[in-house]
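The entries follow in the order in which I looked them up.

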Amino acid sequence: MVKEECKALLDALSRVTACYRHMVLTIGGTSDSQNLREELKKTRQKAQELAVANRNKLTAVLRDKTVSKEDKAEFERLWVIFSTCLEILEIDMRRALELGHEFPLNVPKKHLIQTGMSGGTSGVAARAMSVQNMKYEAEHNIDVVDLKDLENEINQVGEMMYEMEMKVNVPQWTVEAKQDPGAELKSTISVGASSIGMISVEENKSFCDISKVLAGIVFSAVLIIAIVLAVCVVKLS
């Protein structure tokens, strides 16, 4: 039961962290707005709430001496994944802080990044946090006020990571992966958990086979044409 709860929390954290990274990359772009800054704030706060819940669950389990060896190995694997998610979140928060300073909304003369992307990002945030409708109460100059809060939250995340290392010592190199690299791409991904849908290995293989056949045909045709031209040149000379 505890293992399933930890996996569910970790899955939610991964999705929200990925959502946050997606939105951070739009800061300073053509879709940047007060709504985006508010969405960023709500998304990172949601990620931090999930991070605290993950930390509390995993810390309690890993410090429990009655946990079996097999279960402990599984929880240590989840701990490493969780630590990685937290590091990614901190990196993206720092990136958001830098971009926020570079592209303040209250300076209209500041040239923004022309990414070619447009539109809102509330749909992405809503899917990541399983919210039907996200309404925002945009404050005046929210980017200026929020940057101060963001600095404090970055420090809080850094302190959380430090405390985690002090309470639970799980070196990443001692944890073995349960799957080969890229194995998750070979599995069927549910529509509810991801918008990617289903990825079929057989389809990829068949596509690669067709590509090889077409490449062979083209190469053979070019080779035959080259031989014919060479024979013609010889006869003319």
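I took buried to mean under 20% relative accessible area, exposed to mean over 50%, and partly exposed to lie in between, with a 1.4 Å probe and protein chains only. The model is predicted, so I noted that local features need pLDDT of at least 70, that side-chain atom pairs count only at pLDDT 80 or more, and that totals for chains, interfaces and linings use all residues. Residues are numbered from 1 along each chain as its sequence is written, and side-chain values use heavy atoms, with hydrogens and water left out.

**Entry: cysteines**

I looked up Cys-6 and found it buried, because its relative accessibility is 2%. Cys-85 is buried as well, at a relative accessible area of 10%. I then applied the disulfide rule, a pair of cysteine sulfur atoms within 2.5 Å. The count is zero disulfides.

**Entry: salt bridges**

How many salt bridges does the structure hold? I recorded twelve, each being a side-chain nitrogen of Lys or Arg within 4 Å of a carboxyl oxygen of Asp or Glu.

I examined the salt bridge between Lys-3 and Asp-71, whose closest N and O atoms are 3.1 Å apart. This pair links distant parts of the chain, with Lys-3 in helix H1 (residues 2-24) and Asp-71 in helix H3, 68 residues apart. Helices are DSSP runs of H or I with at least four residues, numbered from the N terminus. Lys-3 is partly exposed at 24% relative accessibility, and Asp-71 is partly exposed at 29%.

I turned next to Asp-92. Its salt bridge with Arg-21 has closest N and O atoms 3.0 Å apart. Here too distant parts of the chain are linked, Asp-92 in helix H3 and Arg-21 in helix H1, 71 residues apart. Asp-92 also meets Arg-95 in a salt bridge (2.6 Å, N to O). Both Asp-92 and Arg-95 lie in helix H3, three residues apart, about one turn of the helix.

Is Asp-92 buried or exposed? I noted Asp-92 as buried because its relative accessibility is 0%, whereas Arg-21 is partly exposed at 34% and Arg-95 is partly exposed at 29%. I also noted that salt bridges with shared partners join Lys-7, Glu-74 and Arg-77 into one network.

**Entry: surface patch**

I found a positive surface patch formed by Arg-63, Lys-65, Lys-72 and Lys-167. Such patches take residues with over 30% relative accessible area and no salt bridge, like charges being joined within 9 Å. Lys-72 lies in helix H3 (residues 69-102) and is partly exposed, at 38% relative accessibility.

Conventions: Patch = residues over 30% accessible without salt bridge, like charges linked within 9 Å, V, L, I, M, F, W, Y side chains within 5 Å. Areas by Shrake-Rupley, 256 points an atom, 1.4 Å probe, with all protein chains shown as cover. Lys, Arg positive; Asp, Glu negative; His and termini not counted. Charge placed at Lys NZ, Arg CZ, Asp CG, Glu CD. Helix = DSSP H or I, 4+ residues; strand = E, 2+ residues; numbered from the N terminus.
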